[in-house]
Amino acid sequence: MNHRGALALCAALLAVPAITAMPPAASDGSEWELIWSDEFDGNAMDTAKWNYHSRGGATWSRFIADGDAARREVNRFGDGFYTPLCVKTPPSMAEGNKEMISGAINSNGKFQMRGGYIEARCRTNPHTGNFPAFWLLPVDGTGGWPVCGEIDAWEQIDDEQVAYQTLHHAMRYPKHPNSAKYFTPVSVDSTYVGCETPDIDASQWHVYAVEWDAEHLSFFVDGKLTTTINNPHFAKGAWTEDVTWPFDKDFYVILNQSVGNGSWAKDADHDFTYRTDFDYVRAYQKKGHTDYFTTAKGRITSK
């Protein structure tokens with residue numbers, strides 16, 4: 001997850017043709033079937049559905065807890081929620097950790113979906129440096145980021161009352177070194193890459209969602225369409241569709257509470273307890289058009 005830069009205004013995007021199906025949460029469910037979910041009703045992580053995420057070098061992953069005790073400290077399960085935290089590292093957990101520890105889980109290898117609709121109900125505690133997210137990454141990261149693609153169903157920054165929903169792919173970053181390996185930048189019309197929805201009280205419960213297929217990707221907040229992004233089909237010359245629309249493949253889910261470093265979200269307040277509550281995550285696909293994987297069911301395809 002990186003600085004979003006200037007994003008197109010949502011009002012202008014509403015004129016873009018939307019995916020026709022209503023979000024499952026807002027319909028009678030006749031067109032959709034639930035393929036995977038976690039209601040977070042237990043007191044521990046469901047290891048059939050989730051992994052603890054590993055620490056990485058990116059801003060969002062730099063403080064992810066290392067070690068069982070630290071992971072339990074910042075990945076809380078109970079009261080019907082998954083609650084990742086980011087806190088100052090306790091002295092007893094200092095070994096192997098940095099000045100802060102943060103919580104993050106992912107479904108890689110346990111649930112992946114190729115298109116469909118996925119939503120999460122969550123709330124956070126806005127504060128300087130806050131940087132939580134509900135997002136998806138591809139199982140196959142060939143080409144590296146941003147060539148491989150990224151779908152951000154929801155992010156919140158600092159104490160802003162804004163929901164950020166964003167796509168990442170190589171066409172958005174033509175000067176990125178990984179992008180340059182796959183195509184030569186040329187002059188093309190800009191494509192819509194995301195949406196900033198203001199006046200969202202992030203401390204209150206909201207449902208953030210994304211629906212996508214081979215032609216479109218739409219974002220929703222509380223069942224209302226915020227933007228639709230169309231597959232640009234730049235499939236000639238140096239532009240290839242696997243670069244400009246890397247979303248026709250398996251994606252897994254990440255839930256996390258991170259903090260900024262000044263590059264987008266501001267520097268973290270080490271004395272503050274950052275917290276996000278996830279009430280549930282639910283994934284759907286259209287009946288007769290399923291394509292997903294779970295540990296329990298294996299690969300399911302009925303296209």
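Asp291 is buried in this predicted model, with a relative accessible area of 7%, where buried means under 20% relative accessible area, exposed means over 50%, and partly exposed lies in between (1.4 Å probe, protein chains only). Its partner in a salt bridge is Arg299, and the closest N and O atoms of the two are 2.4 Å apart; a salt bridge is defined here as a side-chain nitrogen of Lys or Arg within 4 Å of a carboxyl oxygen of Asp or Glu. Arg299 counts as partly exposed, at 37% relative accessibility. Salt bridges that share partners join Arg114, Asp250, Asp291 and Arg299 into one network.

A second pair to follow is Asp277 and Arg123, whose side chains meet in a salt bridge of 3.0 Å, N to O. This pair links distant parts of the chain, since Asp277 lies in strand 17 (residues 274–286) and Arg123 in strand 8 (residues 116–124), 154 residues apart; strands are DSSP runs (E, at least two residues), numbered from the N terminus. Asp277 counts as buried at 5% relative accessibility, whereas Arg123, at 25%, counts as partly exposed.

A search of the whole structure finds twelve salt bridges.

Residues are numbered from 1 along each chain as its sequence is written, and side-chain values use heavy atoms, leaving out hydrogens and water. Because the model is predicted, local features need pLDDT of at least 70 and side-chain atom pairs count only at pLDDT 80 or more, while totals for chains, interfaces and linings use all residues.

Notes. Helix = DSSP H or I, 4+ residues; strand = E, 2+ residues; numbered from the N terminus.
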